[in-house]
Amino acid sequence: MTMGYDFRFTHFEHDHLITAFTTSWSAPSNIALVKYWGKKEVQIPCNPSVSFTLRECRTQTTIQFDLQSSKKEEILFSIQYEGQPAPSFAPKITEFLKRIKPYVPFLTHYHLTIDTCNTFPHSSGIASSASSMAALAAGIVALEEKLNPSLTKEEQTNKCSFLARLGSGSAARSVEGPIILWGNHPESPNSSDLFGVKLAVYDNVFASYHDTVLLVDQGQKIVSSTVGHNLMHNHLYASTRFEQARENYSQLLKIFSKGDLVAFVDLVEQEALSLHAMMLTSSPSYLLMQPNTLRIIEEVRAFRKKSGLHLAFTLDAGANVHLLYPDAEAEKTRRFIENNLRQYCQDNALIHDRIGMGIKNT
Ligand code: PMV
């Protein structure tokens, strides 16, 4: 697909639409190393971001498409979570379908019955928007491919990421793995603000990285990421932060190709704390870290100093802590996590995950 590819689907007639189609997709969550925080209309990031795609934390979604007798103004749908009606999910999906309509106009001829569930607890504080929007987009692109079989694999992948991005920015990075870049950067000529692309060059040590997610707080976040992104408009430090992320991406490319784990730890932790520094210094200011988040950070740093191992923490927009470590150090690191860090988790809950490969047709 060229960068000038038009994501609009143009050629279809009602008579040529298939009457019914059911498709199931599983999509993973991802954890950002260089963070996306701040966006322009519509879902265009203010800086490039890079993530590890996860393997175990996933959303599984089945969509049944039923052709309607006539075209409707809006895309009609019903939504179930774990087999039960889930009206609380409807506003986000309504907004998503409204945004993607110009790019998938055939959907106005269908009713969508969506059935979804997560492999991780819904209220665990793990962001499910990336995996859920990627799974939804994958089902929709599967229908598009049925209607337009000339769509290449690459076009399908890019369109899936493009649509997912319109649901949740970070979802653009959940379609493929293992390491995904989303957002323009001059050092990566194939990069785009519109969809995620795979990073091609990285030392093997990163291909088998682990991510243990410490569930410090399994409740609802006090400030949503939509509100957080908006607070970056007119933020005193916004332009410096965007510049820092661009520079960190550039550094990360070097770290990836050299396999420099010491520099990796440093960069990833700086990114996590910069993200939270933006929250601390926004107007109004807010705080998503909790006392146990800070205890874990202190323990991780002390452990690294004592052991010489390369355990790094990173944070999403919440209190939970993601612990990143290489496979060769997994045994010792796991022992430390179990003995010292599990106690800081709500209900002692944590999830051992690893780097993974993206969406799957199930
Ligand atoms: O995709 P959103 O709008 O929920 O934003 C996600 C932002 C962070 O998770 C904090 C960072 C990132 O790049 O994933």
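Q: How many salt bridges does a search of the whole structure find?

A: Side chains of opposite charge can pair when their charged atoms come close. This is a predicted model, and a search of the whole structure gives 10 salt bridges. One of the side-chain pairs in a salt bridge is Lys159 with Glu144, at 2.9 Å from N to O.

Q: Into which domains is the chain divided?

A: There is a domain 1, covering 14–200, and a domain 2, covering 204–354. Their C-alpha centres lie 25 Å apart. To the contact between them, domain 1 gives 30 residues and domain 2 gives 43 residues.

Q: What area is buried between domain 1 and domain 2?

A: The size of an interface is often given as the accessible area lost when the parts come together. Here, about 3200 Å² is buried between domain 1 and domain 2, and carbon and sulfur atoms give 67% of that area. On the side of domain 1, the residues that lose the most area to domain 2 are Leu33, Lys35 and Trp37, which together account for 26% of what that side buries.

Q: How many salt bridges and how many residue pairs in polar contact does the rule find across this interface?

A: For salt bridges between domain 1 and domain 2 the number is 0. For polar contacts across the interface it is 13 residue pairs, with both residues at pLDDT 80 or more.

Q: Which elements give two or more residues to the side of domain 1 that touches domain 2?

A: They are β1 (20–34), β4 (49–67) and β8 (179–182). The largest share of that side comes from β4, with 7 residues. By class, the side of domain 1 that touches domain 2 holds 17 nonpolar, 8 polar and 5 charged residues.

Q: How many residues surround the ligand, and which are the closest?

A: The ligand is surrounded by 14 residues, and the closest are Tyr36, Ser168, Ser170, Arg173 and Ser225. A polar side-chain atom of Ser170 is 2.6 Å from a ligand oxygen atom. In Ser168, a side-chain N or O atom lies 2.9 Å from an oxygen atom of the ligand. For Ser225, the distance from a side-chain N or O atom to an oxygen atom of the ligand is 2.9 Å.

Q: Let us turn to the backbone. Which residues does a cis peptide bond join, and where is Pro178 found?

A: The bond between Gly177 and Pro178 is cis, with omega about -5 degrees. Pro178 is in the loop between α3 and β8. The peptide bond from Glu41 to Val42 is also cis, and its omega is near -25 degrees. Val42 sits in the loop between β2 (39–40) and β3 (44–45).

Q: What is the phi of Gln43, and where is the place of this residue?

A: Gln43 has a phi near 60 degrees, which is a positive value in a residue other than glycine. Its place is in the loop between β2 and β3.

Key
Residues numbered from 1 in each chain as written. Predicted model: local features only at pLDDT ≥ 70, side-chain atom pairs only at ≥ 80, totals over all residues. Heavy atoms only, no water. Domains from an automatic or database assignment. Contact = heavy atoms within 4.5 Å. Buried area = accessible area lost by both parts, 1.4 Å probe. Salt bridge = Lys/Arg side-chain N within 4 Å of Asp/Glu carboxyl O. Polar contact = N/O pair within 3.5 Å; in protein donor to acceptor, adjacent residues only side chain to side chain. Helix = DSSP H or I, 4+ residues; strand = E, 2+ residues; numbered from the N terminus. Nonpolar A, V, L, I, M, F, W, Y, C, P; charged D, E, K, R; others polar. Near = heavy atom within 4 Å.
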